[in-house]
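Colleague: Could you walk me through this one? I'd like to start with the ligand and then look at the rings.

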Amino acid sequence: MKIIQASNYTDLSHKAANIISAQVILNERSVLGLATGSTPIGTYQQLVDWYKKGDIDFSKITTFNLDEYVGLGKEDVQSYRHFMDDHFFSYINAAPTSLHIPNGKAADMEAECTRYETLISDAGGIDLQLLGIGHNGHIGFNEPGDAFEKCTHLVALNNSTIQANARFFHSIDDVPTHAITMGIKTIMQAKKILLIANGSDKQNILEKALYGPVTPFVPASILQLHPDLTVIYCYEANASSSKNKESSC
Ligand code: F6R
């Protein structure tokens, strides 16, 4: 496990973008696992900047996002598909057919989970998986529970996640109650994992995840067992409004 302390949110974003960029430069056909949320926004902005400068070519990558809300599609501004288009996909030269996100509007959720898992294995698995961490230790939408869920599956979001994500919706009642998420096995099969955490509010859970017991009650704790995990963190004052922050840790 490599643990890197960033000096501020911009530094965290540059470091994370550097690792993703190196991955794509070393293997232009990289399969990237991607995350949404506040934390990776600066990372995507940095990658877009380097793309615009001609420093990086995304034309041959394939991507798989971790998760999507059930009931939301591309046209819904709160969908993760919309988020990815807005922050990353619309600005780079990746082939649209190579950019995968679970279909939150699929008629048959079980079939959609199987389809997604098969797509990932048909692509040869994920080379580099980007992760954020929830306040309850979730990764993707793998919520704390009695067991580590294995593959892509349908999940009921717990209250703390619904409350944390309410900031992106008009009201808490609009936050979907279910999502499709890659499972822990899917995530752990990635060849490399890059976990980013920003904000003093993430310090407690990140320390539990990295140094506490490996338990499904802290889903991110399983990452301790991954052979190639890099963690970049910055305990800035407030992670929830981390867009473009310059302040020091
Ligand atoms: C998003 C995702 C979530 C977030 C986590 C942290 O695709 O999988 O696990 O990474 O909720 O979110 P932020 O970055 O908003 O604190």
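Predicted model: local features only at pLDDT ≥ 70, side-chain atom pairs only at ≥ 80, totals over all residues.

Colleague: OK, where does the ligand sit?

Modeller: The ligand sits in the largest pocket, and 14 residues surround the ligand there, the closest being Thr-39, Asp-67, His-138, Gly-140 and Lys-202.

Colleague: And what classes of residue make up that shell?

Modeller: The shell around the ligand has eight polar residues, together with three nonpolar and three charged ones.

Colleague: Which side chains have an N or O atom by an oxygen atom of the ligand?

Modeller: Among them is His-138, with a side-chain N or O atom 2.7 Å from an oxygen atom of the ligand, and for Lys-202 the corresponding distance is 2.6 Å. Thr-39 also places a polar side-chain atom 2.4 Å from an oxygen atom of the ligand.

Colleague: How much of the ligand does the protein bury?

Modeller: On its own the ligand would expose 410 Å², and the protein buries 94% of that area.

Colleague: Switching topic, how many aromatic pairs are there?

Modeller: The count comes to 10 aromatic pairs, and one of them is formed by Tyr-69 and Phe-141.

Colleague: Why is that pair called tilted?

Modeller: The ring centres of Tyr-69 and Phe-141 are 5.7 Å apart and their planes meet at 45°, so the pair counts as tilted, because stacked needs under 30 degrees and edge-to-face needs over 60.

Colleague: Where are those two in the chain?

Modeller: Tyr-69 belongs to strand β4 (residues 67–69), whereas Phe-141 is in the loop between β6 (128–131) and β7 (153–156), so the pair links distant parts of the chain, 72 residues apart.

Key:
Residues numbered from 1 in each chain as written. Heavy atoms only, no water. Near = heavy atom within 4 Å. Polar contact = N/O pair within 3.5 Å; in protein donor to acceptor, adjacent residues only side chain to side chain. Areas by Shrake-Rupley, 256 points an atom, 1.4 Å probe, with all protein chains shown as cover. 1 Å grid on protein atoms, 1.4 Å probe; cavity = no way out; pocket = protein on both sides within 12 Å on 5 of 7 lines; lining within 4 Å. Sits in = over half its atoms within 2 Å of the grid points. Nonpolar A, V, L, I, M, F, W, Y, C, P; charged D, E, K, R; others polar. Phe/Tyr/Trp six-rings, centres within 6.5 Å; stacked < 30°, edge-to-face > 60°. Helix = DSSP H or I, 4+ residues; strand = E, 2+ residues; numbered from the N terminus.
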